[in-house]
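Thanks for making time this morning. I would like to walk you through one structure, beginning with a strand and then widening the view.

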Amino acid sequence: TNSAKNVAKIAAGAVVCVESEIRGEVTIGARTVVHPKARIIAEAGPIVIGEGNLIEEQALIINSYPENIAPDSEGVEPKTMTIGINNVFEVGCMSQALKIGDNNVIESKADLGRNMILTSGCIIGACCQVNTCEVIPENTVIFGSGCQRRVQTERPQPQTLQLDFLMKILPNYHHMKKTVKTTSAVTPAKN
Amino acid sequence: MASLLQPDRVLYLVHGEKKIRSPLSTLYFCRYCSELRSLECVSHEVDSHYCPSCLENMPSAEAKLKKNRCANCFDCPCCMHTLSTRATNIPAPLPDDPSKTTMKKAYYLACGFCRWTSRDVGMADKSVASGGWQEPDNPHTQRINKLIEYYQQLAQREKLERDRKKLARRRPYMPLAFSQHTIHVVEKYGLGTRLQRQRPGAPITSLAGLSLKEGEDQKEINIEPAQALDEVEPLPEDCYTRPINLPEVTSLRQRLLQPDFQPAGASQLHPKHKHLLIKRSLRCRKCEHNLSKPEFNPTSIKFKIQLVAVSYIPEVRIMSIPNLRFQKECQVLLTLTNPVENITHVTLVGCEEGDPEDINSTAKVMVPTKELVLAGKDAAADYDELAEPQDFQDDPDVVAFRKSNKIGFFIKVVPQREEDGDVTVSFKIRHDFRNLAAPIRPSEEGDAPTEAIWLTHHVELSLGPIIA
C-alpha cells in the first residue's frame with residue numbers, strides 16, 4: 001500500500017534527525033546517523049541503508065529514474081539501492097550509485113553516477129564527478145581534478161568515535177524521527 | 001560586467017630594453033628615474049628562504065647546504081601535497097615487564113588529499129613525531145661528489161688564469177701576490193653584486209666561488225673516467241606477456257620529482273623534503289635603487305619598500321562599452337583614478353599617424369581635448385561627512401561623473417577593421433608627478449619644495465569584439 005511505502009523503516013539505535021528529508025521506501029539500519037538537511041529520496045525504487053553509516057548535512061542519496069525513462073512508463077522494475085555498513089557520506093555529496101559496499105568514504109561535493117558499483121574501502125575524493133559504468137575495485141582512492149586513481153594498502157577506518165559522539169550530542173539539539181521496532185534489522189548481505 | 005575589470009584589458013607600455021606592454025598592477029615605478037619598470041627590466045635578488053608549510057626562515061648558507069629543502073616538512077610523492085603526521089596507539093611491551101603491554105604512540109605520515117600513507121611504501125612507524133624520517137640515500141652520491149669537487153677545482157683554476165691574464169694585461173707592474181689577494185676577496189662575496197653578474201655563456205664560474213679558502217693548498221683531485229660496458233642486463237622474459245598493474249605504475253611527474261631514483265613502481269615512491277620558497281627583492285637596473293623589498297618575516301606580507309606603479313600613476317579602467325559597430329562612432333566610458341594625495345592634471349592625446357609605439361590599435365579614437373583634473377586621494381573622505389564637495393566645473397560631454405579621486409569620462413571609438421578579434425585603441429596619457437623622493441634643495445626664491453614633472457605613458461585598451 002502507498003502508506004506503508006512512504007514511511008521510512010528506521011531501526012532502533014539509528015539517529016535520524018527530523019529535519020532530514022526521507023521520501024519513499026527507505027530502510028535505515030542501526031547505529032546510522034542521518035544529519036539534518038540530509039536527503040534520502042527513493043523515487044524509482046527502495047533504498048536499503050545498512051548499519052553504522054554516517055550521512056552528513058546536504059548529502060543527497062537518491063534512487064532516481066535513469067534519464068531516458070519517463071517516470072510513468074510501464075515495464076520499469078523498481079531497482080533497490082543497497083548501501084552497506086560503515087560508509088561515510090560527507091557534506092554536500094550526491095550519490096546515485098545503486099550498490100555501495102562497506103567502509104567507503106564519499107567526500108564533500110562528490111558526485112556518483114547511477115551505474116557505479118563501489119566495493120569496499122573506496123574513497124571518492126572531494127568534488128570528483130564519477131559517472132562511469134564500472135565496478136570500482138577495493139581500496140581505490142579517486143582524487144584530484146582529473147579524478148586520478150590510486151590504490152591504498154588499507155581501508156579507511158570506520159568512524160566509530162564520531163558516530164558515538166553524534167549519537168550522544170544530536171538528540172540534545174534536534175528532534176529525532178521515530179524508530180520502528182523490528183525483530184531483525186534489515187541489513188544487506190556483505191559481499 | 002566584471003570582465004571589463006580584468007587586468008589585461010588596459011596595458012601600459014614600458015620603455016626598457018624590450019618594449020613591454022602589461023597591466024599597471026604588474027608594473028613598478030622607479031621614482032628616482034621617474035619611469036615605469038616591468039619585471040623584465042629589474043634585477044631580481046633573493047632575500048630570504050622559507051618553508052611554505054612551517055614558515056620557518058632559513059639563512060641562505062643553511063639553505064644551500066640542505067639543497068633548498070625544509071628539514072621538517074615532507075611532500076607526498078603521489079600528489080605533491082604537504083604530508084601531515086598522524087599518531088596511532090599501538091600496544092607495546094613494557095621494557096620492565098614483557099608480559100604487560102601499554103599503549104605507545106606511533107607516528108606515520110599521511111596525505112590528506114590522496115590518502116597516501118608512509119605505510120604504503122613500507123616505511124615503519126616512528127616513535128618520535130618529527131625528525132625520525134629519513135630520505136633514502138642515493139647510491140651514486142659518492143661518485144657525484146667526487147665529480148663535483150674535481151670540476152670545482154677545474155673552474156677555480158680556469159678563473160684564476162683568466163683573471164691573471166686580465167690583470168697582467170692591464171697593469172704589468174702589479175705584484176702577482178696582491179692580484180691573487182684581490183681575486184679571492186672579490187670571490188668571497190660571490191655572485192649577486194654588480195661586479196659579478198653572471199654573463200650568459202660564461203664558463204662555470206658559479207662553482208668557483210664555493211670552496212677553497214685563501215691559502216689552502218690545492219689538492220690534485222683525479223677522477224676515473226666512466227667506463228662503458230659491453231654487456232647490458234637482458235630484459236626479463238615475461239616483459240611482453242606480464243599484465244600491467246596500472247595503479248602500481250608511477251606517472252612521469254611522480255617519477256621525475258625524484259631524479260635520484262626515478263622509480264617505475266608506486267611502492268618505491270618515498271616522500272621528499274619540501275622545497276623552500278624565496279622572498280625576492282627587485283632593483284632598478286639603471287639607478288640601482290630598490291623597487292620592492294619584502295619583510296624578512298615569512299608570515300608578514302607587507303613590504304619595507306614598495307614602489308608599485310598603481311600608487312603613483314593614474315589608472316585607466318574600462319567602465320562600460322556599448323555595442324561596437326564597424327566604422328560607426330561609439331562612445332566608451334572609462335574611469336581614471338588618482339592614486340596620490342595631491343591634485344593631478346591629466347591630458348589625453350591620441351596617437352599620431354606613424355607612431356612607432358602604436359602597433360596594435362584597430363580603431364580610431366577621439367579623446368577629450370580638455371585637461372582633466374583629478375582630486376587627491378583622501379583617506380578620510382569616507383568618514384568626513386562635513387567635507388565640501390569640490391567644485392571642478394566639469395563639462396558634461398566629457399566627464400560623466402566624479403567621485404572623490406575618480407572620474408568617468410567618454411572617448412569616441414570608430415572601429416576600422418571588420419575582422420574577428422578585439423577592437424584595440426591606444427592613446428597617450430600625460431600627467432604631472434610630484435617627486436617626493438627627490439632631495440629638497442634649498443631655493444633662494446622660496447619655491448615649493450617639490451616641482452611637478454610631466455610624465456607621458458602609452459596606454460592600450462582592449463574593448464572586445466565587434467558586434468555586427
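Strands are DSSP runs of E with at least two residues, helices are runs of H or I with at least four, and both are numbered from the N terminus.

This is a predicted model, in which local features need pLDDT of at least 70 and side-chain atom pairs count only at pLDDT 80 or more, while totals for chains, interfaces and linings use all residues. Residues are numbered from 1 along each chain as its sequence is written, chains are lettered from A and ligands numbered from 1 in the order in which they are written, and side-chain values use heavy atoms, leaving out hydrogens and water.

Strand 17 of chain B runs antiparallel to strand 20 of chain B, residues 406-415, and four bridges join them, where pairing requires that DSSP finds at least two bridges. Within this pair, M366(B) stands opposite K412(B) of strand 20.

Turning to strand 16 of chain B, residues 344-350, we find T347(B), which counts as buried because its relative accessibility is 17%. Leaving aside residues up to four places away in sequence, T347(B) touches E371(B), K428(B), I429(B) and R430(B), a contact being heavy atoms within 4.5 Å.

Finally, chain B as a whole has five helices and 22 strands, and buried residues make up 34% of its 468 residues.

Notes
Buried < 20%, exposed > 50% of the residue type's maximum accessible area, 1.4 Å probe, protein only.
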